[in-house]
Amino acid sequence: MLLFDYNFRRYNIRMVLYMVALSVIGILAIWSATNQSESAVKKQIMGIAIGLFLAAVLSLIDYHKLLSMSTMIYLACVVMLVAVLLMGTSRGIATRWIVLPVIGQIQPAEFVKIGLIMFFAWYFGKYEERKNQPSVLGIGALLFAVPAFLIFKQPNLSTTLVVTVIIASVVFASGVSYKWVLGVLAVVIPATGLIIYLLRYDMIPFIEQYQANRILAWIDPEQYAEAYYQQENSIMAIGSGRLWGKGLSNTEIASVKNGNFLIEEQTDFIFAIVGEEMGFVGALVVMGLLLVIVIECLIMASRARDLSGRLICVGMATLFGFQSFANIAVATAIFPNTGLPLPLISSGVSSLLSIYIGMGVVLNVGLQRKTREDY
């Protein structure tokens, strides 16, 4: 009998190596973006070490045992989000962090992404035969609306959109009828267009002014130049790197980083640092590594033993893929400016740990993939 009853020849070591490679690139980029701040780099390295340990442990725990605690995971997510609103710490107008004893400051919304993937993977696995019934979908929508509303109230529109896309992908991958999918799209697409139109006239009360300005700056950069300048500078930084980049921690006066033309370059605009200092080649390497991790998740989804395992992999593939695309799209002005980190690259221990935790569960799904005997 094999240890843990697993065939470790199925262990996806490739994905671990891809994640470590991205993490190392992240350390180099943060080192440069923070002007060689030892504290920032040490914090990131510690986060990577803890993340790898958690991923290794979770990769050996049967994901079905974790799914059996899905109700507790969901309640923990809601409690953490409520705690943020009641006693969270703020930066500007946003309240997104809480301080825990010993652990320190964390951003619960990052961990809620993983919690919701686990919960809805369990939910649609449990109701696999009844997934198209209005009652099942209605209760699922209500269960999603609670944490989504709490995240939105922080306010954190970007993370609200991310979790919406993630859970939408989980629902789609569960095999829900195309009638439901087309029905939702028929409502969401025109509603989104209407909201963008009404933003011009300040007629959407539930969206903060700075959020509206970022969206409008994306549509009309000239009229909303103040809200667009960071993205414009980010594009300049990426373009100035040319093929091989200016080199890490360069001291050129013309550097966008050194000229303080970017805010939060170690987090939201880390890709601008990659483009400027590592060039087109470095940016291509980063995007390639991000892509192959998404592909590995989808391959493991196709080989998962059951629906819940497949949905975990699809959820993590969507989280990793969509958030990576959104961060790079912001840095290149394809998307409106948002506050999303680039997975495994951006500074931030909460985001780092949540990704490693989620990927640890995905690795366990891969260990329990279908074999020929299952067909």
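Helix α8 (residues 178-199) is the element that gives the most to the nonpolar patch, contributing 4 residues. The model considered here is a predicted one. The patch covers about 560 Å² of the surface and is made by F172, Y178, L182, L185 and I189. One of these, I189, is found in helix α8. With a relative accessible area of 57%, I189 counts as exposed, because the cut-off for that class is over 50%.

Strand β1 (residues 89-91) pairs with β2 in the antiparallel sense, over 3 bridges. Within this pairing, S90 has T95 of β2 as its bridge partner. The two strands form a hairpin with 2 residues between them, and G92 in the turn has a positive phi of about 70 degrees. On to the next pairing: β2 is joined by 3 bridges to strand β3 (residues 104-106), and the two run antiparallel. Here I98 finds its bridge partner in I106 of β3. The hairpin of β2 and β3 has 3 residues between the strands, and V102 takes a positive phi near 70 degrees there. Strand β2 (residues 94-100), which takes part in both pairings, is mostly covered, with 5 of its 7 residues buried.

Charged side chains give another view of the fold. Side chains of opposite charge can pair when their charged atoms come close. In this model the count comes to 4 salt bridges. One of them joins the side chains of E296 and R14, with an N to O distance of 2.9 Å. This pair links distant parts of the chain, since E296 lies in helix α11 (residues 270-302) and R14 in helix α1 (residues 13-33), 282 residues apart. E296 counts as buried, its relative accessibility being 7%, whereas R14 is partly exposed at 43%.

The side chains of E276 and K246 form a salt bridge at 3.3 Å, N to O.

How far apart are the closest N and O atoms in the salt bridge of K42 with E38? They are 4.0 Å apart. Both partners lie in helix α2 (residues 38-58), and because they are 4 residues apart, about one helical turn separates them. K42 and E38 are both exposed.

A few backbone details deserve a friendly mention too. Most residues other than glycine have a negative phi, and most peptide bonds are trans. N35, although not a glycine, has a positive phi of about 55 degrees. Q36 likewise has a positive phi, near 60 degrees. With a relative accessible area of 55%, N35 is exposed, while Q36 counts as partly exposed at 41% relative accessibility. Elsewhere, the peptide bond from Q154 to P155 is cis, with omega near -10 degrees. The place of P155 is in the loop between α6 (134-152) and α7 (157-173).

Terms used
Residues numbered from 1 in each chain as written. Predicted model: local features only at pLDDT ≥ 70, side-chain atom pairs only at ≥ 80, totals over all residues. Heavy atoms only, no water. Buried < 20%, exposed > 50% of the residue type's maximum accessible area, 1.4 Å probe, protein only. Patch = residues over 30% accessible without salt bridge, like charges linked within 9 Å, V, L, I, M, F, W, Y side chains within 5 Å. Areas by Shrake-Rupley, 256 points an atom, 1.4 Å probe, with all protein chains shown as cover. Pairing = 2+ DSSP bridges.
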